[in-house]
Amino acid sequence: MLSISAIQSKEYYLDIAKDDYYLAGGEPPGKWHGQGAAALALASKIEPEHFRAVIDGFTPDGHGKLVQNAGDAKRQPGWDLTFSAPKTVSVVWSQAGPETRAHIQEAQETATRTALDWLEEESVTRRGKGGHIKEPAKLIIATFEHGTSRAQDPQLHTHCLIMNAAVREDGTTGAIESQQFYRNKMTAGALYRAELARQLEERLGLQVMKTGDKQNLFELRDVDPALVEEFSKRRAEIEAALDATGNSSAKAAEIAALDTRHVKGHAPREELFRVWRQVGAAYNYQPPKPKGITRDLSQAAAALQEAVLSKLTFHNSTFVQQEVLRRMAEEAPGSGLGVDAIKEKVSECLQSKAVVRLGWVKGARRYTTPEMLRIERAMMERVDRSKTKTSHHVSERSLSKVMDAYSTLKPEQVVAVEHVVNPKGTIKVVEGLAGTGKTFMLAAARQAWKQAGYRVQGAALAAKAASGLEDGAGIQSQTLHRLLYGLQSGQTVLSRNDVIVVDEAGMVGTRQLARLIKATEQAGAKVVLVGDAKQLQPIEAGGAFQHIGDRVGRAQLIDITRQHIAWMRQAVKDMIAGKAEDVLTAYAQQGQLAVKDDWQAARTALIDTWGQQGGIMEPQQNLIMAGSNLDVFDLNQKAQAARITAGLLGGEGIRVNGYQLRRHDRILFTRNDHQAGIKNGTFGMVTGLNGPRLQVRLDSGKVQDIDTSVYQHVRLGYAVTTHKAQGDTRQQSYVLLGGPMQDRELSYVQLSRTRGKTYLFTDRTEAGDALADLVKRMDRSRQKDLAATFLSAHLRGGQRDKQSLTWER
């Protein structure tokens, strides 16, 4: 694991670094590392006077300046990058004899230095007016091995203090750019873990196993989990502090670590090992048995490449070299491959036929796979062919009658209806902002097609969106997955008489859209794609919706009618344009933005406002949104508690999926069950309880009886993730802003769900000074693109100009 923070104390590391640390206490003396340290002739062992001079920005002898502001009390001296071994490694180290301990410490040092070497390769220093000239930086790094946590548990880790001064190629020196360390943190951490796993396997025959939600971490096999927990008191302290504030973000964890730390003891290692072994004996500790491990490394590298490329192009159409390096390093523990082998494989992979080299964007070359390009090329060729075809005629007389029946259509909606029923072209695109009446427009189009004798079917990525299309536009609908499965299995057969309407098409991945377009072309059916490319992006590789619209043309809906308040309509458009500062300023001026001291206070304030504005009495019209499931769980509990206090919920209820559900609770179904007629994302209210059975009145008015002993995918529905809220319309909403998911697309959805007011809440940690951190996150766009965008003007359709793009000739 790798953590990064600004250096806070210059003396702390020197105070506890002692030559006789094993007997007298403290930690081992520090060592210099980096090409910059070598250029300054700094010997391996750190001498205090040299350290103090360099960290203050002076040459080691203290007579010269490495940076212009050397010695300035306000100067940032550098950054502490701390590489921490997995807990099981520290536990084994604490119980081992001197020889094994030495091997583990050598493995830790090698892994740390390997990661630092890569970071140095990526580091730059600036010079010139405004720092516009970037040059490679030779880093000056002071490394300090520590063996304990502040709770005196075994925790082998290395503090790597990167000085805010570097040596350039010409021998001059200057300050370094710090953002590169944060930007490269995940890759550096993955390289450290990959090398550490290989070193432990090679030196000691220790086997590793993948851990973590994304299987991108590792631990040693055959280490007692109970002993690991016993030696994790420091982590427990931090988690308790996070629970108290309610925030689990990386930034909040860093603050919690600082807030909860106490003075670190400096007991001799000899004494610590004696105590730790006594604890191990109490748990009947048995060391993992070394195993001779033989592997075909070339086969392991090939398997690694295949797995990594598959994962990379599942979520995105393109990737850069560092993403390949990071993913290979994350996959590597247990494969026998160290960093040198991984870097060699990355280089080989990017020169092989397994990838296609694309253009340069913002200084980085992008890549994709031949498979991804084949999918995109075949899809866009079909899109081009669709423009020349004429089918699905609707007479002017029939269309005129429909327009008379839908007399409240706005002019842009009329244009959209005329666009989708136009017989020229078998693929039609409508792009509309949130709340512009896309569904009402489709209701009119459905009527026109129906009168002309065509069968209209709907599909959407989510079952909830499919239900909305069916209820709002009268188009019989299903999930896109179910439609594609039916087409593949032969259970669904399309013909020239069919019109397929895909709602929220901006969220559909390229592979799925390609399969649908192929099927509709083969059947001679018409496909209508309706959505908003600026809302939540596809989970899978995407960008097709935008590009298909570029190629065939589109009707656009931009007149927002959902929101009744003029300044909030403008705020939505400002958010789309990436003007988060203007958005937050407007909300603050209207008293609808609250910045609290901590995350728990922000959640409490949200619930208080929700109650005051009618959420307790009418939760169905007062929607709460948050970025993470953890926040949603807490907000749901708080909202339920507020309704219990108000006397609106009856009885003890029943426990389902971690929630205590009571009569009159608002609930949400989270998985489709076609036999029971339940759709993921459907809201309802509990009207009765009978043993394990719930009687639920859905928002649609339908009454459903649910046997929770069979179907348990139910949770409280006062609060939802923003992804669950896309497509919803409520009277008022309450949004918890912040966290790693916050970006422009998420913010746009959060601000566009209501007819009435939207209230925003965050804390000072997430907001930053003058809201700067939150503005940066909300402005960041993660809009996806096709790989072909970066390949040639022909495949782009010649209609989109990609800035900062050059082509390799």
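Reply: Just after helix α21, Gly-490 takes a positive phi of about 90°; helices (H or I, at least four residues) and strands (E, at least two) are DSSP runs, numbered from the N terminus. This is a predicted model, in which local features need pLDDT of at least 70 and side-chain atom pairs count only at pLDDT 80 or more, whereas totals for chains, interfaces and linings use all residues. Residues are numbered from 1 along each chain as its sequence is written, and side-chain values use heavy atoms, with hydrogens and water left out.

Helix α21 covers residues 480-489, and its buried residues are Leu-480, Leu-483, Leu-484 and Gly-486, where buried means under 20% relative accessible area, exposed over 50% and partly exposed in between (1.4 Å probe, protein chains only). Viewed down the axis of α21, these residues fall within an arc of 160°, so they line one face of the helix; the arc is that of the directions from the helix axis to the C-beta atoms. The face turned away from the buried side carries the exposed residues His-481 and Gln-488. The buried residues pack against β15 (455-460), β16 (477-479), β17 (498-503) and α22 (510-523), contact meaning heavy atoms within 4.5 Å.

Turning to charged pairs, Lys-464 forms a salt bridge with Asp-728, their closest N and O atoms being 2.9 Å apart. Lys-464 lies in helix α20 (residues 463-473) and Asp-728 in the loop between α28 (722-725) and β30 (732-736), so the pair ties together parts 264 residues apart in sequence. A salt bridge is a side-chain nitrogen of Lys or Arg within 4 Å of a carboxyl oxygen of Asp or Glu. Both Lys-464 and Asp-728 are buried.
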